[in-house]
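Biologist: Can you put the model up? I'd like to go through the fold with you.

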Amino acid sequence: MNIRNAYAADLPAIVDCFNAAFGASRTLERAAWKLNRYDDGRPLGVLAQDTDGTVKGFYGAMPWSLVYNGHPVDVIQPCDVGIVPSHRGTGLYQELYDFYAKQQPLFQTLAFGFPNAQAAR
């Protein structure tokens with residue numbers, strides 16, 4: 001399993017991963033709108049890719065600027081995390097999180113989320 005940064009060119013494989021993970025039919029357009037927020041080449045998140053090139057997991061987050069106690073604070077909101085069913089319970093989520101967190105100084109300040117029904121799957 002190869003864990004690496006994910007870029008816009010990976011979006012079709014990430015969509016396939018999400019559709020397998022959630023039994024849904026997420027579109028490429030929706031994924032691009034949500035994940036491809038940067039024009040400067042920054043990664044969209046991190047992915048786990050099997051030896052055959054299939055994406056088995058993805059961890060992505062959206063940056064936000066908030067105000068806390070009168071001071072601006074840059075934070076992230078993990079929002080798109082998916083592991084295909086065959087790789088759940090293997091520690092892959094933790095590996096993706098660790099890889100992402102090491103690259104994101106915003107994690108040192110605050111990360112927050114709003115779980116939805118898909119998060120329970």
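Modeller: Four strands make an open sheet, ordered β1-β2-β3-β4, with antiparallel pairing. Strands are DSSP E runs of at least two residues, helices H or I runs of at least four, both numbered from the N terminus. Two strands pair if DSSP finds at least two bridges between them. This is a predicted model: local features need pLDDT of at least 70, side-chain atom pairs count only at pLDDT 80 or more, and totals for chains, interfaces and linings use all residues. Residues are numbered from 1 along each chain as its sequence is written, and side-chain values use heavy atoms, without hydrogens and water.

Biologist: Which strands stand at the edges?

Modeller: β1 and β4. Each has a single partner strand, so one side of each has no neighbour in the sheet.

Biologist: How many bridges between β2 and β3?

Modeller: Five, in the antiparallel sense. Leu-47 has Phe-58 in β3 as its bridge partner.

Biologist: Switching to helices. What does α3 lie across?

Modeller: α3 lies across β1, β2, β3 and β4, at about 45° to β3. Axes are lines fitted to C-alpha atoms, for helices over the stretch in contact, and angles run from 0 to 180 degrees between N-to-C directions. Contact means heavy atoms within 4.5 Å.

Biologist: Which residues of α3 are buried?

Modeller: Leu-92, Leu-96 and Tyr-100. Buried means under 20% relative accessible area (1.4 Å probe, protein chains only). Down the α3 axis, these buried residues fall within an arc of 65°, so they line one face of the helix. The arc is that of the directions from the helix axis to the C-beta atoms.

Biologist: And what covers them?

Modeller: The cover includes β1, β2, β3 and β4.

Terms used. Buried means under 20% relative accessible area, exposed over 50%, partly exposed in between (1.4 Å probe, protein chains only).
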